[in-house]
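Please open the model in a viewer and keep the sequence at hand.

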Amino acid sequence: EQLPLVVVGADDRWIGDSGYGEFKRVEGFSIHIEDNNMELPLYKVVLEAPEVENQSVTVMLQWRFKQGCDALMIVFRKGQVHCKEEDWAIAEFNEEIKRIMPIREFAGRRLKDGVMNLILASFVLYFSRQF
């Protein structure tokens, strides 16, 4: 096949039989070019995560076009999308939930502590009036 290979910088889960990062077709998505009436399929590959957030990742591609390339477009976006494109919104939502879960657990614990203090204070107040 004529798809490029990611020689350096591909995520380990996207290494194919060739030993390099391989692009995979994004099903159901394409780009339409009206001037030439062309329908361009979309391919994607996930790059390795940087060691430090907001740091760059070195990537080296091996072009394998035998007869040239009519239209090449490379789009980069933040994050690693290992799932299908249509499931990305759900995956992004799940990542957001993972980030706020510790805060939710902390708030739930404090709420339980507050309710226990309220119950304890009610018992102390009740028994102090009895005696």
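The stops below cover a loop, a nonpolar core and aromatic rings.

This is a predicted model, in which local features need pLDDT of at least 70 and side-chain atom pairs count only at pLDDT 80 or more, while totals for chains, interfaces and linings use all residues. Residues are numbered from 1 along each chain as its sequence is written, and side-chain values use heavy atoms, with hydrogens and water left out.

Select Asp11 first. Asp11 lies in the loop between β1 (5–8) and β2 (21–22); strands are DSSP runs of E of at least two residues, and helices are runs of H or I of at least four, numbered from the N terminus. With 8% relative accessibility, Asp11 counts as buried (buried is under 20% relative accessible area, exposed over 50%, partly exposed in between, with a 1.4 Å probe and protein chains only). The Asp11 side chain reaches the backbone nitrogen of Arg13 at 2.9 Å.

Next, select Val6, Ala10, Trp14, Val45 and Val46, the five residues of the largest nonpolar core (buried Ala, Val, Leu, Ile, Met, Phe, Trp, Tyr and Cys residues joined through side-chain atoms within 4.5 Å).

Then display Trp63 and Phe65, a stacked aromatic pair with 5.7 Å centre to centre and 20° between the planes (ring centres of Phe, Tyr or Trp, the latter by its six-membered ring, lie within 6.5 Å; planes under 30 degrees apart are stacked, over 60 edge-to-face, the rest tilted). Trp63 is partly exposed at 42% relative accessibility, and Phe65 is partly exposed at 30%.

Finally, move to helix α1 (residues 88–130), where Phe123 and Phe127 are four residues apart and therefore separated by about one helical turn.

Definitions and conventions:
Polar contact = N/O pair within 3.5 Å; in protein donor to acceptor, adjacent residues only side chain to side chain.
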